[in-house]
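Take a look at the protein below.

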Amino acid sequence: MKTMLLGLLVAAAGGEPPPAYVLGSSVNLRKEACKTAEVLQKLPIGTECRTLESLEGDWARVRCGEAEGFVVGAFLGPEKPSVEKLAAEAKDPKRTLLQREESALRAATLAPEDAGLQKELATLFFERNLEAVARLKKPSLRRPFEFDCTVDDPERCLRSTSTSYVDGVKVRVEMRSGLFVIAFGSADSLTVYRGRFRFDNRRFEETAKVQVKGEVLEQASSPLTSVLDKALFSGVSVSSDVYSRPSFGQYVLGDAELAFFRSIPIKWALLSMKTEDGIPRMRWDACMKRPYRLVFKPDIHGRVLVMIESEGGGLEFLWVAAVSKNENTLRLTLADIDGEKTRQESFRLPDAGGDIAYLGELACTHVFQKYPDLGGECLEGGP
């Protein structure tokens with residue numbers, strides 16, 4: 001404020017206002033003194049401006065080079081920011097993690113080639129997010145997930161499931177004492193999942209599988225600056241595949257839609273209803289020694305993948321693009337795995353006291369031990 005008042009006095013006397021430097025890592029220069037006004041320019045930390053006028057509401061009218069507009073006065077100061085001072089603030093244990101992270105971000109913005117500052121920024125970013133989920137008492141989300149992993153490494157398991165069927169993202173996972181933070185870098189956006197998980201590897205030597213269960217409790221998004229991108233994702237490759245995969249955020253369902261799938265079993269055995277004796281029989285995979293299945297598979301992102309097995313090794317994957325419920329029926333919009341075609345299907349739930357459901361004309365049951373199987377022989381090379 002003193003800087004701005006001094007600037008006005010000097011301007012009134014016919015001189016040039018003294019310089020005022022941008023203190024924030026990136027500050028919006030707006031067309032009007034309003035947080036919703038058009039952004040004319042992003043001013044990086046250290047930008048030299050001239051204060052032309054002090055306004056009510058802590059705004060200032062400034063000129064930065066050839067551009068003129070409005071910024072929040074608290075983001076301006078009479079001294080040019082110092083990398084050394086900001087780096088020292090980032091290491092000061094008396095400051096909060098948020099304050100230290102902001103100082104590290106400002107220092108790394110001033111010195112983008114300093115690998116040490118980038119590492120410090122990434123460390124503080126994840127420490128602050130892990131602390132946030134540890135102190136969380138009222139989650140904004142309750143998005144459960146469950147999957148089997150084939151490696152005895154919780155970080156690799158969470159990273160693998162986070163990039164499964166997702167195209168064009170960089171992912172980094174940090175965890176501590178059953179807590180996780182997953183950062184997703186997508187184009188110019190940064191998305192963070194915070195939550196809890198349980199890693200059960202007690203039968204890994206026997207089954208070569210680990211069971212992972214958890215919940216995403218918070219999700220936050222913000223712009224991904226080049227400085228944060230370099231600090232968080234240096235050396236991390238973008239997810240890709242030979243098959244088309246959804247972009248990040250595609251096919252994500254709302255809480256009410258996901259609740260439909262939480263209320264029904266995930267796995268269903270496929271049935272043959274046309275039998276000589278009129279008794280439904282499970283369509284049997286003699287090689288796997290289990291029935292062919294219909295599976296509704298929710299994932300960590302809030303999507304649901306539908307898997308339909310069929311005789312001869314056929315396997316169809318479909319995304320639930322939309323769902324609504326009408327009495328005892330889920331009305332599904334299903335997209336094929338490449339996202340090129342969609343179709344409408346009805347999943348009719350079992351009647352009261354029953355266990356047989358129908359996806360279109362396809363009958364299935366969630367009671368695997370109730371019905372006899374069709375039998376069959378496992379032929380060499382497959383069924």
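The model is predicted: local features need pLDDT of at least 70, side-chain atom pairs count only at pLDDT 80 or more, and totals for chains, interfaces and linings use all residues. Residues are numbered from 1 along each chain as its sequence is written, and side-chain values use heavy atoms, without hydrogens and water.

**The whole protein**

The protein has eight helices and 23 strands. These are DSSP runs, numbered from the N terminus: helices are H or I with at least four residues, strands are E with at least two. The radius of gyration is well over the value from the globule rule, so the protein is more spread out than a compact globule. That radius is taken over C-alpha atoms, and the rule is 2.2 Å times the number of residues to the power 0.38.

| Property | Value |
|---|---|
| Radius of gyration of the protein | 28 Å |
| Box of the C-alpha atoms, along the principal axes | roughly 105 × 45 × 40 Å |

Of the 383 residues, 40% count as buried. Buried means under 20% relative accessible area, with a 1.4 Å probe and protein chains only. Take contacts (heavy atoms within 4.5 Å) between residues at least 6 apart in sequence: 56% join residues at least 24 apart.

**One residue**

Is Ser272 buried or exposed? Ser272 is buried, because its relative accessible area is 15%. Leaving aside neighbours within four places in sequence, Ser272 is in contact with Ile279, Pro280, Arg281, Arg283 and Leu374.

Note on methods. Buried means under 20% relative accessible area, exposed over 50%, partly exposed in between (1.4 Å probe, protein chains only).
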